[in-house]
Amino acid sequence: MNGKRKKGAGGERLHPALLSLALAARNPQLLLSTRALRARYGELGFQIGERQLRNHVRWLLARGFVEIRVGASRQVVILERGRAFLAALGVKE
């Protein structure tokens with residue numbers, strides 16, 4: 001294999017950070033609290049580390065899925081790209 005991965009018949013794989021976006025669709029503020037987001041993953045039977053969750057949020061920010069607005073308090077806003085992804089999955093905000 002020479003260290004190369006073959007793509008499956010399904011094509012490209014989705015980045016795991018997109019699962020975090022889907023879990024936080026109804027309450028985007030979950031993306032600010034790794035503890036709350038970890039609990040949400042736990043409800044589904046998954047274990048995930050806090051560092052990995054922070055990386056998920058960084059990935060979503062870097063690619064324009066979400067934005068953190070800072071004012072009197074921090075607020076997470078799902079941007080158009082994130083909304084389009086959630087709509088394609090059939091996840092309601």
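The buried residues of helix 4 are G82, F85 and L86. The model is predicted: local features need pLDDT of at least 70, side-chain atom pairs count only at pLDDT 80 or more, and totals for chains, interfaces and linings use all residues. Residues are numbered from 1 along each chain as its sequence is written, and side-chain values use heavy atoms, without hydrogens and water.

Q: Why is F85 called buried?
A: Buried means under 20% relative accessible area, exposed over 50%, and partly exposed in between (1.4 Å probe, protein chains only). F85 has 15% relative accessibility, so F85 counts as buried.

Q: Why is the pair of F65 and F85 called edge-to-face?
A: Rings of Phe, Tyr and Trp (its six-membered ring) pair if their centres lie within 6.5 Å; planes under 30 degrees apart count as stacked, over 60 as edge-to-face and the rest as tilted. The centres of F65 and F85 are 6.4 Å apart and their planes stand at 85°, so the pair is edge-to-face.

Q: Why does F65 count as buried?
A: The relative accessibility of F65 is 6%, and F65 therefore counts as buried.

Conventions
Helices (H or I, at least four residues) and strands (E, at least two) are DSSP runs, numbered from the N terminus.
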